[in-house]
Structure formats: C-alpha cells, structure tokens
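Please look over the structure shown here before reading the notes that follow.

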Protein chains: 2
Amino acid sequence: MRSNRHTASPLSTTFVSVSNMVRLIQRKGLSTCLVGVADRIEQEFLRWEAFDKSARIACHSADGVVELMPIADDQQFSFKYVNGHPKNHRFGLPTVMAFGLLADVETGAPRFLSELTLTTAIRTAAMSALAAKKLARPNSRSMALIGNGAQSEFQALAFRDIVGIRELRLFDVDPAASAKLAANLQGQGLEITLCTSTAEAVKGVDIITTVTADKTNATIITPEMVEPGMHINGVGGDCPGKTELHRGVLEMGAVFCEFEPQSRIEGDMQQMPADFPVTEFWEVLAGRKAGRVSAEQVTVFDSVGFALEDFAALCFMRDAAAEFGIGEQIELVPNNPDPKNLFGLLGSQRAQLKRAA
Amino acid sequence: MRSNRHTASPLSTTFVSVSNMVRLIQRKGLSTCLVGVADRIEQEFLRWEAFDKSARIACHSADGVVELMPIADDQQFSFKYVNGHPKNHRFGLPTVMAFGLLADVETGAPRFLSELTLTTAIRTAAMSALAAKKLARPNSRSMALIGNGAQSEFQALAFRDIVGIRELRLFDVDPAASAKLAANLQGQGLEITLCTSTAEAVKGVDIITTVTADKTNATIITPEMVEPGMHINGVGGDCPGKTELHRGVLEMGAVFCEFEPQSRIEGDMQQMPADFPVTEFWEVLAGRKAGRVSAEQVTVFDSVGFALEDFAALCFMRDAAAEFGIGEQIELVPNNPDPKNLFGLLGSQRAQLKRAA
C-alpha cells in the first residue's frame with residue numbers, strides 16, 4: 001500500500017478497491033464499461049480453445065455457496081472468488097460479493113487484484129446482452145425483466161446499449177425492488193412498465209430476462225408464457241438446486257450455454273437428461289454452429305456465469321485502471337532482493353532467535 | 001485501506017501484507033509461530049471429518065504451476081493461491097509465492113486476506129515436524145536436510161523446536177545454498193555439517209528431509225541410502241511429474257500422507273500402483289491407525305501440502321494479527337448501506353448516464 005504507480009518492481013500487485021472501482025466506472029462511464037466488457041468477452045470467446053478451462057469449485061452450505069472460478073491461457077491465469085447467499089440481506093450484506101486476480105503464467109506473480117462485485121454485475125449483463133445480440137430476433141426492442149435486485153439495472157443498461165432494447169416490463173415478488181429499479185432507470189431513455197405478475201410482464205416481449213436470487217428449484221417461466229420467436233435470457237438459475245425455467249421451456253427451442261460441463265450441473269439444464277441438446281455459445285460466435293434459425297424459433301441462453309467472462313472483465317478493468325492511474329500497489333508477495341533467502345526477510349531484528357516456551 | 005482497526009463494519013476485510021507479516025513474526029517470534037501453527041494443524045487434523053475437502057486445482061504450464069487450494073468447515077472457508085516455478089530465480093522472483101483468504105461460510109464475506117509466502121514456509125515446516133514428532137523414533141536428534149533453498153531454514157528450526165533435532169547435515173547441488181543456510185542458522189543451537197553428497201549427508205541420521213525444487217522426476221534418495229529406523233520427510237515431491245524418492249524407498253516401510261486422493265496424484269506415491277498402501281496422517285493423530293510400529297521400521301511422510309494446513313495457518317495468523325493490532329482494513333467487497341441497490345454505489349456522479357459512442 002505504498003504508492004499509486006502502476007508499474008514498479010517486478011513484483012508489484014495493483015489493487016483496485018470498491019471505492020476505486022466506483023471512480024473507475026464513473027470516469028469511464030458505465031455504458032462504455034458494459035460495451036467494452038462485452039467486446040472483450042467476445043474477443044476471448046473467439047479464442048476459446050486457447051484456454052485451460054474447468055468447472056468452478058463450489059462449497060455449498062445451508063444458506064449459500066462460495067465459489068472459486070479459475071481459468072488460464074498461456075499468458076495469464078485468473079480466478080474469481082464469489083459467494084451467493086440469498087438471505088444475506090438480513091445481515092445488511094449483498095447477496096453476491098466477489099473479488100479476483102490476474103497473474104502471470106510464466107512466473108506465477110500476482111499482478112492485478114480487484115473488487116469484482118460491481119464488475120461481476122457488469123460482466124454478467126455484458127455476457128447476457130452479447131448472447132441476446134446474436135440469438136434474439138434482430139430489432140428486438142422490448143424486454144421483460146423478472147427479478148429486480150442488485151443486478152437488474154446492469155442488465156437493463158447492457159440490453160439498451162448492446163441490443164437496442166427501449167421498452168422494459170418489470171416484475172419482482174418484492175414491489176419495492178421494482179420501484180427501486182424504475183427509479184434508478186429514470187432518464188435513461190427506457191420506457192418502463194411496472195407489472196403485477198411474471199405472466200403480465202412477459203406478454204408480447206421480444207426478450208425475457210430472469211435474474212432472481214432464490215436458491216431453490218423455482219419455476220419462474222412456464223411454457224404457456226413463451227411466445228414464438230422470444231429469446232429467454234436465464235441468468236438466475238446458476239447452481240445445483242437453483243433453477244428458474246420450467247423444463248418445458250427448455251424443450252420449446254434451441255438452448256445455448258457458456259461451458260457445457262458446468263452448465264449441465266448448474267444451469268436450468270440440470271433438469272434435463274445428459275443427452276439433451278445444447279450449443280456452446282462460443283461456437284455461434286465463431287460461426288461453427290447455428291444460432292437462431294428462424295423468426296419463430298424460441299432461443300434460450302441458459303447462463304450460469306463462466307470464468308472466461310471474469311478473465312475478460314479483469315483484463316478490461318486492469319487496462320482501464322492503468323489508463324486512469326487508478327489503484328494502489330500492495331505487497332501481496334515478497335519483493336525480496338534475494339528470493340532464495342526467504343528467511344533473510346525476517347533477519348534484521350533477529351526475532352527468530354526467540355525460542356518457544 | 002482506511003484504518004488499522006480490526007473489527008469495524010460487518011464487511012471489513014483485514015489485509016496483512018508481507019511487511020506486516022514480517023513484523024508479526026518478529027513480534028511473536030518465529031519459534032512461537034512454528035510451534036503455534038503445528039499445534040493448530042494438529043487441532044484441525046483432529047477435526048478432519050468436519051471439513052469439506054477437495055484436491056487442489058492446478059494450472060500447469062511449461063515452467064511451473066499455479067494452484068488454488070480451497071477448504072471449509074461449517075464456519076469458515078479458506079483458500080490459498082500458490083505458484084511453483086523452479087526457474088523463477090532468473091527473474092529475481094521467488095520459486096513459491098502465495099496469498100490466501102478466510103471467509104465466513106454463513107455469509108460468504110471475506111474476512112482476512114494475507115500474504116502466505118512466509119506463512120507457507122512456516123506451515124510446511126510445522127506440518128513436517130508434527131508428522132516427524134509422531135512418526136520418527138523418539139529421541140531423534142540428527143537430520144539430513146537435502147535441498148537448502150528458501151524453505152530450509154524453516155524446516156531446520158521447526159525440527160529443532162518440535163522434534164528436538166540438534167544436529168543437521170546439509171547438502172544442496174548448489175553449495176552457495178548450503179552456505180546461506182548454514183550462515184542463517186548460526187547461533188541457533190544447531191550443530192551443522194556441510195556435506196558434499198546426499199549419500200554423505202544422510203549417513204547415520206535419524207531423519208532425512210528432502211526439500212528440493214526441480215519440477216522433474218528426480219531420484220534424490222535411493223534405497224541403499226536408507227538405514228533401518230530412519231524417518232523420511234519428503235517435502236519437495238509435490239506435483240505430477242515432480243518426485244524425489246526412488247520407488248524402492250516407498251517400498252521399504254510405512255508410508256503416510258496428508259489427503260490420499262491428492263497425494264496419489266501429486267506425491268512421491270504417484271510412482272506407485274493405485275492400491276499401494278498408505279495411511280492418512282490424521283488417522284495416526286486420532287489414534288485410529290498405527291504410526292511407527294518398531295524402532296527398525298522405516299517411515300515415510302510423503303508430504304505434498306494440503307489446504308487444511310493453510311486453513312490452520314491462516315487462523316493462527318489472523319489471531320496473531322488481532323493480538324498485536326497488525327494489518328490494514330481493505331475494501332475488497334462493498335460496504336453498501338443498501339445491498340439490494342448495488343447500482344446506487346455508482347449514483348452520486350450520475351456517470352452512468354454517459355452512453356457508449
């Protein structure tokens with residue numbers, strides 16, 4: 001925590017705290033961040049086969065989950081720490097909190113440590129909007145947003161800026177959440193309708209986004225709500241025992257996911273047999289597989305969040321932090337003049353001479 | 001990075017940098033830390049079945065490995081980030097660098113972020129000495145230390161303070177490493193002999209400790225070097241393709257490990273068939289399985305380093321940091337007055353109104 005410079009010794013690690021991330025997003029503009037992260041995700045997804053991928057490691061407990069999400073190419077390793085605790089509001093804590101790291105693969109040196117709570121909301125929305133841009137009908141203008149919690153503003157703005165959504169229909173079991181979302185979106189160029197049920201909200205829209213938080217097998221969207229040609233962006237069904245879509249919805253059209261081995265365990269797809277057909281989205285981006293094939297087809301993006309999205313977001317934020325000179329240098333690992341003499345770090349005070357009682 | 005207090009808001013995270021860890025170890029005394037961490041490891045190993053355990057996640061590259069090592073009980077989740085890059089000295093970087101975290105399982109809130117490079121050296125040495133205290137012959141007094149790099153001083157002092165070793169015989173392929181180790185151990189109450197080969201160093205000792213760094217299938221110890229009753233503490237063979245002991249050495253006596261599923265992949269045991277007998281050390285501590293059964297038996301502790309040791313070390317260091325008021329508060333996750341309104345964090349400047357070009 002010594003200086004504000006970004007490149008110093010070979011072992012400096014830049015740390016971006018929450019306050020500094022707020023400054024960074026304010027300086028750059030949230031829309032620029034959403035669009036920029038979506039662009040970076042697209043770039044990295046097009047390099048899909050260059051990455052060493054694994055399903056995340058999840059530690060489940062009664063009230064939530066803590067996860068580590070690692071990924072690497074031959075240059076950089078990244079991981080994200082993230083929790084999901086739907087009942088955290090009773091402690092005044094966010095449902096989702098996250099931070100993450102970029103390190104050099106060649107040496108293992110940690111280079112960039114950052115808050116990722118705000119950044120996860122940005123990358124999740126950017127991923128959703130990028131998928132919808134490729135999978136929803138062209139000229140989609142209206143979206144139902146089911147679940148109006150901490151991530152909903154980011155979804156709304158990403159769909160405005162990346163997909164061209166202009167009309168939003170909101171529903172949440174907690175009307176105060178919808179009121180908060182509507183208030184936060186005032187003056188953002190979006191026509192907003194508050195609805196009293198999911199069925200009312202989804203009627204006639206181009207895109208349905210579900211981003212609810214309950215850790216349960218919920219059935220937010222049922223087949224009779226889904227009209228021909230709709231695109232469904234299922235964000236909240238993202239761990240074992242946590243789903244949002246009726247299995248009949250998945251059977252109505254084409255289903256796309258991020259990383260199949262993870263999505264089959266964590267996504268709404270966990271309800272389906274192991275041979276249920278699904279397409280990894282990167283193959284659509286790369287032109288190797290079909291996306292939407294007709295205006296009447298129902299498309300489903302069964303999003304669970306994948307480490308490569310965090311890798312992309314960390315790279316974007318690292319570059320933005322360097323651009324604005326935002327961040328602190330922290331001493332996470334030793335900047336040791338003689339790396340073979342770790343013990344020498346303790347030497348000056350000879351405190352190691354003290355013996356245990 | 002606001003205050004030096006340890007308990008503040010529900011979302012504060014204490015950060016202990018390398019410099020602060022040096023202060024902490026100097027204040028507490030290295031021996032007290034070695035003995036205290038060994039005690040904590042013993043306590044936690046006796047609660048073995050209370051932990052959600054998994055083999056670490058490793059990302060291998062040409063010159064090294066980056067690993068994440070998670071573990072949790074019903075109260076606390078911990079993970080360590082650690083690399084192993086034997087050629088890092090060419091960049092002036094340590095071979096091993098690490099940091100780690102303790103978080104609340106109930107909420108996912110990150111509570112304690114710490115350097116773990118120094119701490120890993122302490123916990124590895126504490127684990128080795130704890131195992132030797134239970135598995136080596138009682139009244140063991142002499143140890144060969146093969147590999148005199150960054151971890152060797154910690155091994156020497158842990159064996160002095162926990163096992164009662166008074167005589168050390170050193171060998172390293174790099175004589176400068178042995179000279180550094182001997183110099184660092186001056187005045188520490190250890191009788192030191194510099195040797196010119198592994199065979200010379202191990203002749204007649206009670207315990208052999210191997211802590212070499214090459215990422216290769218080396219054969220540091222061969223069967224003809226091993227005398228009846230010796231205890232072998234194999235520390236450096238700790239990932240696939242990295243071994244130190246000839247397979248014949250493992251066949252000479254009883255082999256003990258930390259966490260069997262991990263050790264069969266990473267330990268010297270990777271050379272052995274899947275049914276090769278091994279005992280998890282916690283079962284010896286708990287009195288459920290035999291340790292050494294005779295003065296003539298050869299015992300081998302095939303150590304690879306397990307997440308529970310880091311959990312124990314993090315708990316010890318967290319308590320010590322609190323005791324001395326060492327550490328900084330960092331804003332790793334939002335301390336948000338309205339956790340459902342993450343977007344509100346960005347609100348004051350209305351910067352999010354900016355639209356992407």
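Between chain B and chain A, the count of salt bridges is two, in a model that is predicted. One of the contacts between the chains pairs A:Lys340 with B:Asp174 in a salt bridge, where the closest N and O atoms are 3.6 Å apart.

**The interface of chain B and chain A**

**Salt bridges in the whole structure**

- Over all chains, the structure holds 48 salt bridges.
- In chain A, one salt bridge is formed by the side chains of A:Arg90 and A:Asp63, at 2.8 Å from N to O.
- Because A:Arg90 lies in the loop between strand S5 (76–84) and strand S6 (98–104) of chain A, while A:Asp63 lies in the loop between strand S3 (57–61) and strand S4 (64–72) of chain A, this pair ties together parts that are 27 residues apart in sequence.

**The sheet of chain B**

- Chain B has an open sheet of eight strands with parallel pairing, and the order of its strands is S10-S9-S8-S11-S13-S17-S15-S16.
- The edges of this sheet are held by strand S10 (191–194) and strand S16 (279–280) of chain B, each of which has a single partner strand, so one side of each is left without a neighbour in the sheet.
- Within the sheet, strand S11 (residues 207–210) and strand S13 (residues 231–234) of chain B run parallel and are joined by four bridges, and B:Ile208 has B:Ile232 in S13(B) as its bridge partner.

**Helices that lie on the sheet**

- Helix H3 (residues 117–135) of chain B packs on the sheet, where it touches S11, S13, strand S15 (254–257) and strand S17 (299–302) of chain B, and the direction of helix H3 makes about 160° with that of S17(B).
- Helix H4 (residues 152–163) of chain B lies across strand S8 (142–146), strand S9 (167–171), S11 and S13 of chain B, and runs at about 165° to S8(B).

Technical notes. Residues numbered from 1 in each chain as written. Chains lettered and ligands numbered in written order. Predicted model: local features only at pLDDT ≥ 70, side-chain atom pairs only at ≥ 80, totals over all residues. Heavy atoms only, no water. Pairing = 2+ DSSP bridges. Helix = DSSP H or I, 4+ residues; strand = E, 2+ residues; numbered from the N terminus. Contact = heavy atoms within 4.5 Å. Axes fitted to C-alpha atoms, helices over the stretch in contact; angles between N-to-C directions. Salt bridge = Lys/Arg side-chain N within 4 Å of Asp/Glu carboxyl O.
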